[in-house]
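My notes follow in the order I made them.

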Amino acid sequence: MTTLFEDAQSRLTEVMKYITLSDDVISRMKFPKRTLIVSIPVRMDDGRLRVFKGYRVQFDDTRGPTKGGIRYHPSVNLDEVTSLSFWMTIKCAVVGLPFGGAKGGIEVDPKELSLLELERLSRGYIRAIADIIGPKRDIPAPDVYTNATIMGWMADEYNQIMREQLPAVITGKPIHLNGSLGREAATGRGALFVLLQWAKFKNLIPEQTTIAVQGFGNAGFHFAKLATQAGFKIIALSDSKGGIISNDSLDPQLIMNHKQTEKTLKAMLYCEGTVCEEAEFETISNEQLLELNVDILVLAALENQITEHNAANIKAKHILEIANGPINAAADELLNQRGVSVLPDVLVNAGGVTVSYFEWVQNRAGFYWEESEINHRLQNVMDKEAVNIFNLAQKNNTSLRTAAYLHGINRISGAMTEHGTHEHFQK
Ligand SMILES: NC(=O)C1=CN([C@@H]2O[C@H](COP(=O)(O)OP(=O)(O)OC[C@H]3O[C@@H](n4cnc5c(N)ncnc54)[C@H](O)[C@@H]3O)[C@@H](O)[C@H]2O)C=CC1
Ligand SMILES: O=C(O)CCC(=O)C(=O)O
């Protein structure tokens, strides 16, 4: 069976039909620069000791310090974290950030831990990886089931170890702990900027365009909320427990308010800014949501949601990948053959790391920007790179993913080549 990392790497083979990469570059993209596997002992509230398995993979740092989030999930494993670090390397290059790629994770179900256990685990993870991270080496950030509070604990732990205030070691921190305005919504906002450029390109009218969103966490929620404000009709949403669907537009903010108190999704109709009623709604499974007859399917949960097993059932004509790696290579090919446009993860979800970059810049300068400036700078990056990639795909008659990879790999390859022939020193 193909591993996730082998599947991720197979996209490079497609890219090499359009670009000649030197053997040096190909070999450097084959496996990560550094992989660290750690055990994290945590004293639980009842006095027991539990030991968790954690990872940090730094894929490539030719273009700058490595950057990428930390995931807490029961299924986190080395193959997944390595793939995510590879995608971070491509993504940072696609949007032209001066970073390489990394990713981290802990095999844990955070929903089973108390707040204090979660804090001890997060601090323990930082103690375990402190030797290889740092503001000029590798800068973690949030990912699935981690958030600003956890980033705040982690930055504090690192500062205690280093006996210095080094906020730029972690991004996605709370605003009161030197976080950046706009980071919380950045991934969803960046995805919307890409979609608006695509809508222009394809003459899609938001008010006539229906959307289903799989994954109603940080990225999916902010995307759904901002897309609704831009006029799109969100008609279905789901989280790990399942989904809801309505004939009318759903109101993501009201649904999130309900989810925060009741822990489940419940549909409410959006009526001129207020809840008019609890909607007549149906519940659907995640599998059903993927196969809905909508204009745009947004994937904002986990990897491998569309594979060769369900690709033929997908009815949407456009797919927005907010999640990392939600479509495997075999499914990508099948969707391409059917003329489905897949807007790829390495472009679509790059708004998060872009505002993380702004947070890092602000932390290092000690000077903080207004939210309007951050959103404006984010829009400049996303609009520019989206249009570059749409034009490249049109010019070479490739998929949008291949165009995005071509765009990113060009920058990586340039950096690797210009680095010269000397060995990389061990940073
Ligand atoms: N948060 C960020 O800044 C960025 C996140 N991403 C990617 O976006 C995706 C979502 O991440 P976040 O929103 O940050 O995570 P999150 O932890 O805030 O939310 C994850 C959401 O996915 C749902 N979910 C989990 N398993 C599911 C399943 N099998 N089917 C449907 N929904 C499921 C959860 O219930 C939750 O609503 C991930 O692939 C992540 O790597 C990518 C770039 C940046
Ligand atoms: O904000 C960051 O630095 C990284 C976000 C991330 O993990 C991702 O883009 O997948």
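I started at Gln214 and looked for the residue across from it; Gln214 stands opposite Leu299 in E12. The model is predicted, so I read each position as a computed one.

I then asked which residues of E12 are buried on each side.

Next I went to the five-stranded sheet. It is open, its pairing is mixed, and its strand order is E1-E2-E4-E3-E5. The edge strands are E1 (34–43) and E5 (138–142); each has a single partner strand, so one side of each has no neighbour in the sheet. I took down the average twist from one strand to the next as 25 degrees. Inside the sheet, E3 and E4 (residues 100–107) pair in the parallel sense over six bridges. I checked Arg71 and found it opposite Gly105 in E4. Helix H4 (residues 115–129) lies across E1, E2 (49–60) and E4, and it runs at about 145 degrees to E1.

I looked up the domains. The chain is divided into domain 1 (31–179) and domain 2 (185–348). Their centres, taken over C-alpha atoms, are 28 Å apart. Seven residues of domain 1 and six residues of domain 2 make the contact. On the domain 1 side I listed four nonpolar, one polar and two charged residues.

I recorded 24 residues around ligand 1, with Gly217, Ala219, Asp239, Ala323 and Gly352 coming nearest. Helix H7 (218–229) and strand E7 (233–239) are the elements that give two or more residues to this shell. H7 has the largest share, three residues. By class I wrote down ten nonpolar, twelve polar and two charged residues for the shell of ligand 1.

For ligand 2 I recorded 14 surrounding residues, the closest being Gly69, Ala141, Gly352, Val353 and Ser356. Strand E3 (66–73), helix H3 (78–94) and helix H12 (350–365) each supply at least two residues of this shell. By class the shell around ligand 2 has three nonpolar, eight polar and three charged residues.

Last, I looked at two residues with positive phi. Tyr145 is not a glycine, yet its phi is near 60 degrees. I located Tyr145 in the loop between E5 and helix H5 (148–162). Is Tyr145 buried or exposed? It has 22 C-beta neighbours inside 10 Å, and the cut-off for buried is 20 or more, so Tyr145 counts as buried.

Asn397, also not a glycine, has a positive phi of about 55 degrees. I placed Asn397 in the loop between helix H13 (371–396) and helix H14 (400–418). With 9 other C-beta atoms within 10 Å, Asn397 is exposed.

Technical notes. Residues are numbered from 1 along each chain as its sequence is written. Chains are lettered from A and ligands numbered from 1 in the order in which they are written. This is a predicted model: local features need pLDDT of at least 70, side-chain atom pairs count only at pLDDT 80 or more; totals for chains, interfaces and linings use all residues. A residue is near a molecule or strand if its C-beta atom, placed from the backbone, lies within 6 Å of it. Helices (H or I, at least four residues) and strands (E, at least two) are DSSP runs, numbered from the N terminus. Ala, Val, Leu, Ile, Met, Phe, Trp, Tyr, Cys and Pro count as nonpolar, Asp, Glu, Lys and Arg as charged, and the others, Gly among them, as polar. Domain bounds come from an automatic or database domain assignment. Two residues are in contact if their C-beta atoms, placed from the backbone, lie within 7 Å. Two strands pair if DSSP finds at least two bridges between them. Axes are lines fitted to C-alpha atoms, for helices over the stretch in contact, and angles run from 0 to 180 degrees between N-to-C directions. A residue is buried if 20 or more other C-beta atoms lie within 10 Å of its own, exposed if 12 or fewer, and partly exposed in between; C-beta atoms are placed from the backbone.
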